[in-house]
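Dear colleague,

I am handing over the structure we discussed, and my notes on it follow below. Please read them alongside the coordinates.

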Amino acid sequence: MEKIIDCRNITKSYANGSVEPTQVLKGITFSVARGEFVAIMGPSGSGKSTLMHILGALDTPTSGDYFLDGKNVAGLSEDELADVRMEKIGFVFQSFNLLPRTTVLRNVALPLIYAGISKEQRVKIAEKALRDSAFPEAAWQYHSNQISGGMMQRVAIARSLVNDPAMILADEPTGNLDSKTGDVVLHTFQALNADHGKTIVLITHEQYVAEHADRIIHILDGNIVKDEKNPHKLVARNEKNIAP
Amino acid sequence: MKFNDLIEEVYNAITVNKVRSGLTMLGIVIGIASVIAMVAIGQGTQATVQANIQSLGANLLMVMPGAARSFGTSVSAGFGSAETLTPDDATALAALPNVAAVAPEISGRYQAVYGSENTNTTVMGTVPAYLQVRNVQVDQGSFFTATDVTNSNRVAVIGPNVLSELFATPTNASPTPDMAIGKNILIKGNIFTVIGVTVAKGGSGFASQDNNIYVPLTAAQHYLVGSMGYVSEIDIEVQAEQAMSTVEQAATSLLLERHGISDPTQADFNIVNQADIVSAVSATTGTFTTLLASIAAISLLVGGIGIMNMMLTTVTERTREIGLRKAIGAKERDITLQFLGESLALTFSGGVLGVLLGWGIALGMAYFASTATQVSLGSVILAFGVSALIGIAFGYYPARRAAKMNPIEALRYE
Ligand SMILES: Nc1ncnc2c1ncn2[C@@H]1O[C@H](COP(=O)(O)OP(=O)(O)OP(=O)(O)O)[C@@H](O)[C@H]1O
Ligand SMILES: [Mg+2]
């Protein structure tokens, strides 16, 4: 099967002043096929977010090769990386990163500005993404700082969908949600994966959340310690009545 | 990123923090407004002074007695009192080619009396050609004629200021010309009959002819000066501006020859060209304008630094936003354009408001303080150009700083 992610012996170090550079990733090798739903698990500080940034072409590895959709990311310029991110990747950041004092709808439509899509189209696409993410329509015109943490998370998910990416990278997308709302988000991811063939890489602490994926990768101290198929994949229920 | 999207992003970013944007813009508004107003005052003053000089008469050459000197140097001893120019010189000058009219003059300050009122003012003995040469018009009555000059008739034409000085009564502070015409006044004890009043020319000091009393040249020589031999100034009106220097040269050689002087540096007269006065005065008022404009330019510079300061603060504050925009596909160019757009929008709208305010100040000065002001298109265009330039110059560095940010570090920024 075609590999969308192909990491070969990736390391990432951060220089910390006079001290030896801390190696956060210590030789990660794995690949993800197009259309796979993968969960990455690991304790806090194990390097999950760092790996996600490299997978999302936001950062480049210190050593090793990363082929994204067959293309080596190491050789790309800043602007080429920006194009790769815009075309292929949808991010859901651990800390949402919404624009403050800006409406939900504008936040969701923001990536489309850089894709050069017209305003009417942007609004349509953003509205659909918000519906797919189970975001209550009544709050579309709210400012992003007037909504709850759970709602912010869904805005972040909706935003990751608008550019119709081949791959969605989600860092703790259910971290702030109650189990019911969390299920809605997981259902959205499963639907995107099953119905639209999107590759999904989901980072989580929780075993329950990870069990919605096809495959679970465990990271510990910058190494992959376990990488296996999920034997009993859970299917998220799609609760229609979610409290906003 | 499309242009109209860029505009929208810029608009949103600026309106999110209205107070701060407004205050930053105020710096530019004040800077531009003061440039516009200051230059308007400077140029208005320049125009007024030039108009005053022009009102002395067009294409004018003034021949003064005394040693040659250039206009603007200190007055040499005995200036104007040397007795080297004669009425015959004037007659000879009138015969030169390209000369439209010549008016010999003799003037002095004398006491003029009517009834219980009196004033000490300039009495000018001259000929009817003076009207044309010095651009003087008679309001009511008439000017004296060549016959009056030939016969040394004691008639006088008075300026409007003299009219109000001499003919004001306790019940009427602003007398009309017909109250004076036909009346006899005493000048240095001699009776002169008022036959006309000149039109007010305005202006003050240097340019004002409204304080003058005009009498026939011969009458002034006979009754006031007591000598028929000399005049204190000869004014020449040249037919066309292009002929000014030719006539000036011809007049110089003619007078040198008539006075029997072979060395031009020893000339006992000097000729002042009206254009020389205009350029000397223009140089002074030009310096004045430059001075005002540079003071204003400093405030504009301070406004520009305010813009840069705000943009740098904004870039720091919005580090996470910049990181996010880059993460979702913004290129360096998009970020640069957005921040440059924000600073340009601030300076440009500041520029528009500044021009309007400056214009308002200029009009206000003209209306309430009766200072002549002149808002020139040039200064408006310059102000816009400068404000746009400030936007680019002071916005570029912060914008580049934003664009160069590493998206990961920007997203981690607290
Ligand atoms: N820019 C940086 N400079 C120095 N060290 C860094 C930097 N970014 C991350 N690290 C270090 O790398 C390690 C892994 O960080 P990372 O954010 O990837 O952890 P994580 O697995 O996502 O943890 P969490 O579950 O808490 O989000 C941490 O010890 C962190 O201190
Ligand atoms: Mg993390």
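B:A283 belongs to helix α9 of chain B, which spans residues 274–317, in what is a predicted model. B:A283 and B:E9 are 274 residues apart along the chain, and their C-alpha atoms are separated by 49 Å.

The other part of my notes concerns ligand 1. The residues that surround ligand 1 come from chains A and B, so the site is shared between the two chains. There are 14 residues around the ligand, and those that come nearest are A:S44, A:G45, A:K48, A:S49 and A:T50. By class, the shell consists of nine polar, three nonpolar and two charged residues. In chain A, β1 (3–16) and α1 (48–55) each supply at least two residues of this shell, and α1(A) gives the most to it, with three residues.

- A polar backbone atom of A:G45 lies 2.8 Å from an oxygen atom of the ligand.
- For A:K48, a polar side-chain atom is 2.8 Å from a ligand oxygen atom.
- In A:S49, an N or O atom of the side chain is 2.7 Å from an oxygen atom of the ligand.

On its own, ligand 1 has 630 Å² of accessible area, of which the protein covers 70%.

With best regards

Note on methods
Residues are numbered from 1 along each chain as its sequence is written. Chains are lettered from A and ligands numbered from 1 in the order in which they are written. This is a predicted model: local features need pLDDT of at least 70, side-chain atom pairs count only at pLDDT 80 or more; totals for chains, interfaces and linings use all residues. Side-chain values use heavy atoms; hydrogens and water are left out. A residue is near a molecule or strand if one of its heavy atoms lies within 4 Å of it. A polar contact is a pair of N or O atoms within 3.5 Å; within protein, one must be able to donate a hydrogen and the other to accept it, and residues adjacent in sequence count only if both atoms are side-chain atoms. Accessible areas come from the Shrake-Rupley method with a 1.4 Å probe; for residues, only the protein chains shown count as cover. Helices (H or I, at least four residues) and strands (E, at least two) are DSSP runs, numbered from the N terminus. Ala, Val, Leu, Ile, Met, Phe, Trp, Tyr, Cys and Pro count as nonpolar, Asp, Glu, Lys and Arg as charged, and the others, Gly among them, as polar.
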